[in-house]
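Here's a quick report on one protein model. Have a look at the fold first, then read on.

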Amino acid sequence: MKSDNKIIGAGLITAISASLCCITPILTLFAGSIGLTSTFSWLEPFRPYFIGLTILVLGFAWYRKLKPVNQVDCACETKNAPNFTQSKVFLGIVTVTAGLILTFPIYASLFYPKSQNQVILIKESNFESVEFVVGGMTCVACQEHIIHEVNKLPGIIKSVVSYEQGNAIIEFDNSKTTNEAIEKAIVATGYSVINKVAK
């Protein structure tokens, strides 16, 4: 039935909408347009509603697929088997895909390469630690994206970013990079730097 396909499609769309704010940083990392990262961060407050809607829609699709069909005895021709998009297998694939999309924020960090900063001894006078208050982060993918971009700068010793705290604490060699360069790297990812405080 076409209505079943629409229900299944709606379930997939709501699942994508629920995690779009977390999927975008990964997509932009691979596409190379990091400035678009926070484009869908406004969807994050609606995430619980999208998750609930996805569960309801897919639950309803499974209910329709599994409910017994009343058979009427008649001398009519029997219908051919339903096509693949109307099968339980297809609905199962969509359900698993929706589950993977909904849980994406949990494993998003796996998509970011782990960078190791190699630091040779630096003068104590060159060591600096700054806390940047960052706006727009909504999940682990956001913080990993910022860490990835900041660690590309020379002289970065340590980057600790928390979307929950809304901050990035960066330790660096100020003879090799500056506060401004770090702020620029954060802003280039699509998030905003609200404030910065020397630690």
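## The α2/α3 pair

Helices α2 (residues 47–66) and α3 (residues 88–102) cross at roughly 165°, with axes that come within 11 Å; axes here are lines fitted to C-alpha atoms over the stretch in contact, and angles run from 0 to 180 degrees between N-to-C directions. The two helices are therefore roughly antiparallel, a label for angles over 145 degrees. Who makes the contact (heavy atoms within 4.5 Å)? On the α2 side you'll find residues including Arg47, Ile51, Leu58 and Trp62, and on the α3 side residues including Lys88, Leu91, Val94 and Leu102. By class, the contact has 9 nonpolar, 3 polar and 3 charged residues, with Gly counted as polar.

This is a predicted model: local features need pLDDT of at least 70, side-chain atom pairs count only at pLDDT 80 or more, and totals for chains, interfaces and linings use all residues. Numbering starts from 1 along each chain as its sequence is written, and side-chain values use heavy atoms, leaving out hydrogens and water.

Strands β2 (residues 156–162) and β3 (residues 167–173) pair in the antiparallel sense over 6 bridges; pairing takes at least two DSSP bridges. Serine 159 has isoleucine 170 of β3 as its bridge partner. The hairpin has 4 residues between the strands, and glycine 166 takes a positive phi near 70°.

## The whole chain

The protein chain has 6 helices and 4 strands, taken as DSSP runs (helices H or I, at least four residues; strands E, at least two). Of its 199 residues, 40% are buried, meaning under 20% relative accessible area with a 1.4 Å probe.

How values were computed: Angles under 35 degrees count as roughly parallel, over 145 as roughly antiparallel, 65 to 115 as roughly perpendicular and the rest as oblique. Contact means heavy atoms within 4.5 Å. Buried means under 20% relative accessible area, exposed over 50%, partly exposed in between (1.4 Å probe, protein chains only).
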